[in-house]
Amino acid sequence: MNFSLSEEHIMIRDAARDFARTELLPGVIERDEKQQFPQELVKKMGDLGFMGIMVDPKYGGSGMDAISYVLIMEELSKIDASASVIVSVNNSLVCYGIEAYGTEEQKQKYLTKLATGEFVGAFCLSEPEAGSDATSQRTTAIDKGDHYLINGTKNWITNGGRADVYIVIAQTDRDKGSHGINAFIIEKGTKGFDIGPKEDKLGIRGSDTHTLQFNDVKVPKENRIGVNGSGFRFAMKTLSGGRIGIAAQALGIASGAFELALKYSKERKAFGTEICNHQAIAFKLADMATDIDAARHLVMKAAWDKDQGNNYDYSSAMAKLYASKVAMEHTVEAVQIHGGNGFVKEYHVERLMRDAKITQIYEGTSEIQKIVISRSLIKQ
């Protein structure tokens with residue numbers, strides 16, 4: 001067992017940390033208030049290789065491993081979880097899905113642009129009647145011979161209004177249940193594809209979240225990902241990797257809040273001494289540090305499993321479940337340590353607290369993670 005980062009991993013982490021502090025931090029409060037998508041920052045992240053972290057260099061990617069991915073996600077998420085979820089979706093759900101299951105033509109046409117940040121991707125699974133129950137797809141993709149005709153609604157779609165490429169999960173043969181589902185690549189601007197209003201969210205407000213409508217959208221056969229009927233398996237496997245990204249995001253939110261709370265506790269005085277010297281605050285800091293370190297080990301284990309070619313369904317679910325719990329609990333504690341100042345935007349912790357909640361919901365709720373974990377245990 002080796003718990004040390006390599007020199008390369010340290011360089012990658014430090015580069016992400018520097019970018020987050022110098023580029024993401026200025027304006028992060030304003031972007032949150034105004035729900036501004038960080039378009040120029042996305043381009044910069046693309047230039048740094050953050051939009052195609054694990055993609056093979058022959059497709060324009062950085063060719064890094066999953067450990068590098070979680071290091072980058074943690075550092076970005078400490079400062080701006082809205083920016084980090086753009087990175088997560090583009091990497092885990094879109095780039096991975098096309099690289100692992102797409103045709104060479106699809107990789108050349110789409111992946112090469114997604115990996116460099118020229119294109120931004122979106123993953124469309126959730127529906128008004130199919131959130132956690134992903135098998136209940138109402139969106140249909142009717143086989144018309146040389147193309148499919150897609151009709152339906154997708155909601156809660158990250159990058160929904162800004163993406164160039166959308167991976168859409170739809171039902172082709174309802175009688176076959178999960179085996180009748182397919183995944184398709186749909187380009188923005190396709191006739192019949194409409195983007196609804198932007199959602200006004202509690203947190204990650206700089207992230208673009210929309211409902212999408214598909215009305216007789218014609219998709220060529222060559223835009224189907226994988227063999228006929230493989231869409232559900234594709235979605236589930238892709239989401240397993242996505243959970244590593246969201247677990248890393250939750251870890252970053254928690255560790256960012258902890259760093260702010262620790263710094264504040266060393267500066268703020270009460271009863272004649274810095275508040276970190278009061279046991280009530282010192283014990284909070286101890287609990288925060290312990291839980292965050294435990295979450296970090298779970299996240300790293302899941303990333304390591306992915307790098308080693310192991311099945312990472314169990315470890316990624318466990319990492320996301322625990323890291324999101326830690327993020328929610330300890331951003332609340334960070335606000336408490338800041339006292340009244342914690343309720344004020346300029347101290348950042350209230351935003352991190354709002355951002356933390358979504359990590360317990362998207363890419364599989366905490367309850368869904370417990371289903372995945374328990375099923376894995378029972379099968380052993």
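Predicted model: local features only at pLDDT ≥ 70, side-chain atom pairs only at ≥ 80, totals over all residues.
## Terms and overall picture

In this report, Ala, Val, Leu, Ile, Met, Phe, Trp, Tyr, Cys and Pro count as nonpolar, Asp, Glu, Lys and Arg as charged, and the others, Gly among them, as polar.

Let's start with the chain as a whole. Its secondary structure comes to 11 helices and 10 strands. The radius of gyration is 21 Å, close to the 21 Å that the globule rule gives for 380 residues, so the chain is as compact as a globular protein of that length. Along the principal axes, the C-alpha trace spans about 80 × 45 × 40 Å.

Of the 380 residues in the chain, 53% are buried. Among contacts with a separation of 6 or more, 74% join residues 24 or more positions apart. The chain exposes about 16500 Å², and carbon and sulfur atoms supply 52% of that area.

## The largest pocket

Where is the empty space? Rolling a probe the size of a water molecule over the atoms shows where empty space is left. The largest pocket has a volume of about 1400 Å³. Its lining is made up of 47 residues, and those nearest the centre are L239, R243, E363, G364 and I368. Two or more lining residues come from each of helix 5 (81-101), strand 3 (147-158), helix 7 (231-267), helix 10 (349-358) and helix 11 (366-379).

By class, the lining of the largest pocket holds 20 nonpolar, 14 polar and 13 charged residues.

## The second largest pocket

The second largest pocket has a volume of about 580 Å³. It is lined by 17 residues, with N2, F3, I67, M300 and K301 the closest to its centre. The elements that give two or more residues to this lining are helix 4 (66-79) and helix 8 (279-308).

Helix 8 supplies the largest share of the lining of the second largest pocket, 6 residues. Sorted by class, this lining has 7 nonpolar, 5 polar and 5 charged residues.

## The enclosed cavity

The structure also holds 1 cavity of 30 Å³ or more. About 60 Å³ of space lies in the largest cavity. To find it on screen, look for V28, R31, D32, Q36, P38, D80, S82, I204, R205, G206, R351 and D355, which line it.

Helix 2 (28-34) and helix 10 each supply at least two residues of this cavity lining. The largest share, 3 residues, comes from helix 2. By class, the lining of the largest cavity has 3 nonpolar, 3 polar and 6 charged residues. Helix 10 is also one of the elements that give two or more residues to the lining of the largest pocket.

## A closer look at S366

One more residue is worth a visit. S366 has its place in helix 11, and helix 11 is among the elements that give two or more residues to the lining of the largest pocket. Is S366 buried or exposed? Its relative accessibility is 9%, and buried means under 20%, so S366 counts as buried.

Which residues does S366 touch, leaving aside its neighbours within four places in sequence? The contacts of S366 are L321, S324 and Q360.

Notes: Residues numbered from 1 in each chain as written. Heavy atoms only, no water. 1 Å grid on protein atoms, 1.4 Å probe; cavity = no way out; pocket = protein on both sides within 12 Å on 5 of 7 lines; lining within 4 Å. Points joined across faces, edges and corners; volume = space filled by probe spheres on them. Helix = DSSP H or I, 4+ residues; strand = E, 2+ residues; numbered from the N terminus. Rg over C-alpha atoms; globule rule 2.2 N^0.38 Å. Buried < 20%, exposed > 50% of the residue type's maximum accessible area, 1.4 Å probe, protein only. Contact = heavy atoms within 4.5 Å. Areas by Shrake-Rupley, 256 points an atom, 1.4 Å probe, with all protein chains shown as cover.
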